[in-house]
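Colleague: Hi, could you walk me through this model? I'd like to start with pockets, so tell me what counts as one here.

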Amino acid sequence: MNDLKIKTISILSILWVFILSCNSSSDSKQQFEYNFLNPDLSIEERTEDLISRMTLDEKIDQLLYNAPAIDRLGIPEYNWWNECLHGVARNGRATVFPQAIGMGATWDPDLIFRVGRAISMEARAKYNVSIAHDLRGRYQGLTFWSPNVNIFRDPRWGRGQETYGEDPFLTGSIGTAFVRGLQGDHPRYLQASAMAKHYAVHSGPEALRHEFDAVVNMKDLWETYLPAFEKLVVDAKVESIMGAYNRTNGDPCNAHPYLMTEVLRNKWGFKGHYVSDCWALIDFHTGHNIVKTPAEAAAMALNAGTNLNCGNTYPYLREAIEQGLTTEAMVDENLRWLLPTRFKLGLFDPPGTVPFDTIGTDWIRHPSHTKLALETAEKSIVLLKNENNTLPIRKDAKSVFVTGPTAAHTQTLLANYYGVSEDLRTILEGIVANAAHHTSIPYIQAALLDEENRNPQDWFSGMAAGAEYTVACLGLSQLIEGEEGESIMSRNLGDRVEIGLPQNQINFFKKMRANSKKLIVVITGGSAISIPEINELADAVLYVWYPGEQGGMAVGNVLYGKTNPSGKLPVTFVNSVEELPPYEDYNMVNRTYKYLETKPLYPFGFGLSYTRFQYENLNISSPAMSLDEELKLDFSIVNTGEMAGDEVVQLYVTAMDSKVISPQYDLKTFRRVSLNPGESKSIQFTIGKEELALVNDEGERVVYPGKYKIYVGGSLPSERSLELGAPQYLETTIDVK
């Protein structure tokens with residue numbers, strides 16, 4: 001029903017464009033007081049007309065995120081700042097999807113496209129009802145500052161939960177799907193405007209972001225930090241980019257000639273608008289110390305092409321123009337990049353003429369969206385361990401003891417940048433909903449999130465001893481890890497110094513282990529948590545991220561086998577913080593699965609299932625290829641178990657004779673496949689220049705002659721993956737002439 005309505009809206013909108021073109025007046029001034037209000041004219045004509053009618057002060061005000069009304073022109077106020085990282089955020093009721101890192105763990109771009117489309121429907125519905133009540137404040141508009149496609153290079157970064165993981169290809173694929181869903185496919189209008197942030201080379205530390213210079217070589221810049229942004233600009237046509245707080249190689253990211261002009265505008269052909277992160281321009285003179293005054297900061301950002309200021313620095317442009325630091329013509333040029341977005345959204349068109357004007361409040365938390373939130377959460381859950389088939393829990397179990405600090409903790413569902421829902425399903429509720437009526441389900445929290453109990457009495461370990469299963473719900477929440485000022489339990493402005501669970505939770509876990517018959521651990525978190533003790537001692541481990549409003553139901557469904565887990569890790573789990581390079585070091589040596597020098601606790605791409613998959617019959621069209629050829633790779637995957645399930649098939653490439661430093665493994669493509677018990681499917685992939693290209697020291701993509709190893713399987717093709725129970729991968733070698 002949801003898809004049908006969306007298609008109907010698209011058809012009606014196309015018909016409306018046709019009607020407008022047929023009824024256009026030869027003299028637009030007879031219909032509209034100003035040309036910029038005439039939807040028959042091009043966006044360029046309308047933009048120029050609007051700019052020509054504004055005074056300098058009015059123009060400057062329109063470069064602010066909280067653009068005021070221009071009453072004499074009939075232009076209402078508009079606030080550009082809106083969030084929808086995993087659902088419309090900070091604006092009342094909305095469907096709360098799993099946090100972005102959980103979306104990455106689905107490895108399912110088609111699913112995330114549907115998530116983006118659902119968010120877009122709710123965004124338009126909420127905008128329409130807000131405008132009907134003349135509410136035009138922050139978080140009530142249509143320009144959304146999502147997604148975050150920074151690379152999660154270090155688990156200490158609290159905001160890594162907002163990303164899709166550590167791999168540029170996976171991040172670009174998931175991010176592109178999200179943007180396409182959010183912006184829609186109407187030939188004339190954007191349903192909502194998306195943003196790729198934070199450009200570029202930005203992933204902590206939070207405490208230093210207002211003064212930090214992220215120094216990176218050209219190889220790492222183009223191999224790791226830029227590809228996802230490039231894909232969102234070139235393939236998804238993302239409407240806006242947000243500059244990061246930090247500097248990159250000396251220049252602030254909101255006044256960066258190379259990144260903003262040479263790369264973004266000239267090389268990638270970006271046509272949208274560029275936004276400063278909020279109050280980032282103040283850092284020019286208070287943190288980075290590259291200018292002395294707010295007027296200099298304003299001029300520097302404007303001249304470099306920051307089209308919109310989230311903050312209060314651009315009012316100093318009046319002073320900057322008087323001092324000769326910039327010009328009114330430069331103000332006009334920035335408006336030419338910025339204003340078209342408002343026209344694409346239909347914000348200056350007559351009420352009722354934009355096809356999305358009819359989207360009503362019934363789309364807010366529509367039943368299909370609730371169902372989609374559940375599906376997304378289920379597909380994000382990663383089964384890390386399942387000793388002796390402990391899971392799924394037997395339906396005839398007489399007793400299941402549920403305990404731990406996150407079992408009934410709604411904040412672990414919400415993560416950060418969240419909306420709110422009247423239907424937040426905790427893990428405890430999901431277990432209860434799945435259990436048989438005869439099953440006893442004692443529950444006691446028994447432990448705090450990050451400190452030892454003040455009351456020393458133990459009323460809980462005896463419950464574990466008497467239960468057939470103990471489900472210990474551990475982990476982090478957005479209170480511990482997140483953004484600079486939001487994680488109120490963090491001692492490091494949202495970042496983590498240690499990457500394990502809080503010590504009190506480890507102590508609690510060990511007490512549970514000593515008393516439990518079968519101990520199942522469910523872990524919430526937005527990052528890679530070092531849990532070697534839990535991996536060693538637990539009977540089963542589920543990693544569930546911050547799973548959104550229906551997350552508890554998803555966990556319950558997986559625990560009881562109603563849903564077969566199929567999530568895969570979008571990040572590498574290392575054994576301890578001592579294995580990591582310095583946090584402030586942006587060099588990729590010993591970072592992510594591509595360059596990690598130690599054996600991980602859990603590899604990138606890893607995730608178990610309740611069924612078994614077998615890869616077989618790998619064939620390649622030729623063992624050798626020239627640079628202008630493509631090879632066809634085909635193989636089969638078989639579900640050899642007794643339960644239907646999804647497998648994420650992954651293809652990695654290793655350059656054997658590389659002329660440059662190259663990744664140990666490099667993810668090149670992937671595909672989610674559904675298989676019934678006993679079913680076999682044939683999979684085909686293409687190997688060409690794109691899959692074999694390496695990035696050299698100058699940042700150029702080059703295919704070098706030599707041997708390349710190709711791997712296909714259900715995880716990173718490593719010894720550790722096999723030790724943990726991943727299917728045996730297949731491999732072959734090709735010779736590039």
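Modeller: Happy to. A pocket is an open set of grid points where a 1.4 Å probe fits, with protein on both sides within 12 Å along at least five of seven lines. Keep in mind that this is a predicted model.

Colleague: Good. How much space lies in the largest pocket?

Modeller: About 650 Å³.

Colleague: And which residues lie nearest its centre?

Modeller: Trp222, Pro227, Glu230, Glu690 and Arg701, out of 25 lining residues. The lining divides into twelve nonpolar, one polar and twelve charged residues.

Colleague: Which helix or strand gives the most to that lining?

Modeller: Helix H8 does, with five residues. Other elements that supply at least two residues each include helix H6 (168–183), helix H9 (257–267) and strand E19 (666–675).

Colleague: How does the lining of the largest cavity divide into nonpolar, polar and charged?

Modeller: Seven residues are nonpolar, three polar and four charged.

Colleague: Let's switch to strands. Is E17 largely enclosed or left open, and why?

Modeller: Strand E17 (residues 631–639) is largely enclosed by the rest of the structure, because seven of its nine residues are buried. Buried here means under 20% relative accessible area.

Colleague: Which strands pair with E17?

Modeller: Strand E15 (residues 613–620) runs antiparallel to E17, joined by six bridges. Strand E20 (residues 680–687) also pairs with E17 in the antiparallel sense, over eight bridges.

Colleague: Now rings. How many aromatic pairs are there?

Modeller: The count comes to 30 aromatic pairs. One of them is tyrosine 65 with tryptophan 279, edge-to-face at 5.8 Å centre to centre and 65° between the planes.

Colleague: How many residues apart in sequence are the parts that this pair ties together?

Modeller: They are 214 residues apart. Tyrosine 65 lies in the loop between helix H3 and strand E1, while tryptophan 279 lies in the loop between strand E8 and helix H10.

Colleague: Buried or exposed, those two?

Modeller: Tyrosine 65 counts as buried at 6% relative accessibility, whereas tryptophan 279 is partly exposed at 29%.

Colleague: Which residues do ring pairs link into a cluster?

Modeller: Trp107, Phe169, Tyr593, Phe604, Tyr652 and Phe670.

Colleague: Last one: which rings have the charged end of an arginine sitting over them?

Modeller: Arginine 90 places its charged end over the ring of tyrosine 417, 4.2 Å from the ring centre. Arginine 265 has its charged end over the ring of tryptophan 337, 3.6 Å from the centre.

Key. Residues are numbered from 1 along each chain as its sequence is written. This is a predicted model: local features need pLDDT of at least 70, side-chain atom pairs count only at pLDDT 80 or more; totals for chains, interfaces and linings use all residues. Side-chain values use heavy atoms; hydrogens and water are left out. On a 1 Å grid over the protein atoms alone, a cavity is a set of points where a 1.4 Å probe fits but cannot get out, and a pocket is an open set with protein on both sides within 12 Å along at least five of seven lines; lining residues have an atom within 4 Å of a point. Grid points are joined across faces, edges and corners, and a volume is the space filled by probe spheres set on the points. Helices (H or I, at least four residues) and strands (E, at least two) are DSSP runs, numbered from the N terminus. Ala, Val, Leu, Ile, Met, Phe, Trp, Tyr, Cys and Pro count as nonpolar, Asp, Glu, Lys and Arg as charged, and the others, Gly among them, as polar. Buried means under 20% relative accessible area, exposed over 50%, partly exposed in between (1.4 Å probe, protein chains only). Two strands pair if DSSP finds at least two bridges between them. Rings of Phe, Tyr and Trp (its six-membered ring) pair if their centres lie within 6.5 Å; planes under 30 degrees apart count as stacked, over 60 as edge-to-face and the rest as tilted. A charge sits over a ring if NZ of Lys or CZ of Arg is within 6 Å of the ring centre and within 35 degrees of the ring normal.
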